[in-house]
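Have the structure open as you read.

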Amino acid sequence: MPTPSYLSRLARTPAVRALLVQCGAAPLTLALVYLLASLRLPWFYPVNYLTVAVIHGLVAAAITWRVGLAPWWRVIEFLFPLAVLAALALQLPSWIFLLVFVILLGWYWSTFRTQVPYYPSHPAVWDAVRQQLPPPSTSGKPLRVIDIGSGLGGFVFYLARVRPDIEVVGIELAPFPWLYSWLRARLTGSRARFIRGDYEQLDFGQFNLVFAYLSPAVMGALWRKAEAEMCPGDTLISYEFAIEGRMPELVIHTTNGSTPLYKWCF
């Protein structure tokens with residue numbers, strides 16, 4: 001059985017709160033539609049499904065604003081009942097919905113809990129991180145680098161190719177991106193290694209450099225984990241998202257005006 005604390009944390013995630021908003025909007029929408037229909041207003045009566053869907057969307061968007069979810073959730077909440085109505089009107093076969101659900105689940109997995117969607121970085125960022133690596137070690141002990149939330153593995157493959165003297169690992173929770181990376185590494189003979197799992201369960205002390213491209217929602221927890229586990233001389237680099245209250249040792253721009261990389265040394 002999940003513990004109450006876990007259920008409490010789950011209920012506070014934006015996606016679950018958005019679902020609860022849709023559920024809560026339903027009885028309010030029915031009451032409002034009944035009231036307006038009883039007045040027999042010429043612009044409202046007779047009632048049709050499109051009108052109900054629009055009212056439901058407006059009510060859900062208003063609740064979303066009231067509970068303080070991010071602005072884009074208001075758009076999603078408003079459009080959701082209209083999308084459901086459109087899907088019913090198109091009379092799509094039921095297996096299509098199951099297929100879409102499976103694909104989205106495999107791609108995003110527990111984004112609703114982690115609040116870390118798929119954010120791909122690009123080669124200029126990979127090269128900027130490469131430039132922060134020390135030269136090849138003469139001690140025989142390889143540098144160990146990990147990309148937490150590695151997605152399709154582009155950064156990991158790049159480092160494995162340009163720095164054959166280091167060990168580079170990617171960890172990804174979503175099944176489909178991890179499977180793609182793992183299969184690509186096996187089929188191409190790349191030295192890149194991929195783990196399917198949650199980086200929160202990983203010991204950062206195993207690595208000399210941790211690269212992250214996550215989300216503002218998790219940066220505080222990421223810092224606490226890195227501070228507790230990483231060793232003196234190790235490095236944390238985050239693309240785009242800074243850590244509140246923690247001044248980075250270096251801010252790197254790959255091009256003029258580009259999104260920065262933030263570097264912290266322990």
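## What we're looking at

Keep in mind that this is a predicted model. The count of salt bridges comes to four, and three of them are picked out below, along with how accessible their partners are.

## A pair in helix α7

Start with Asp 127 and Arg 130, whose side chains meet in a salt bridge with N and O 2.7 Å apart. Both residues sit in helix α7, which covers residues 123-130. They are three residues apart there, or about one turn of the helix.

## A pair in helix α10

Next up is Lys 225, which forms a salt bridge with Glu 229, the closest N and O atoms being 3.0 Å apart. These two are four residues apart in helix α10 (residues 219-229), so about one helical turn separates them.

Lys 225 is at 13% relative accessibility, so it counts as buried; the cut-off for that is under 20%. Glu 229, at 26%, counts as partly exposed.

## Arg 163 and Asp 165

Another salt bridge joins the side chains of Asp 165 and Arg 163, at 2.8 Å from N to O. Which end of it is buried? That would be Arg 163, because its relative accessible area is 11%. Asp 165 has a relative accessible area of 29%, which makes it partly exposed.

Now for helix α4, which runs over residues 71-90. At 1.5 Å a residue, its 20 residues should span 28 Å, and the end C-alpha atoms are 29 Å apart, so the two values agree.

Even so, there's a bend to look for along the way. Where is the kink in α4? Check Phe 80: a kink of about 30° lies there, shortly before the proline Pro 81. Pro 81 also belongs to the buried residues of α4, together with Trp 73, Glu 77 and Ala 87. Once α4 ends, Gln 91 follows, and its phi is positive, near 55°.

Definitions and conventions. Residues are numbered from 1 along each chain as its sequence is written. This is a predicted model: local features need pLDDT of at least 70, side-chain atom pairs count only at pLDDT 80 or more; totals for chains, interfaces and linings use all residues. Side-chain values use heavy atoms; hydrogens and water are left out. Buried means under 20% relative accessible area, exposed over 50%, partly exposed in between (1.4 Å probe, protein chains only). The expected span of a helix is 1.5 Å times one less than its number of residues. The bend at a residue is the angle between axes fitted to the seven residues ending there and the seven starting there.
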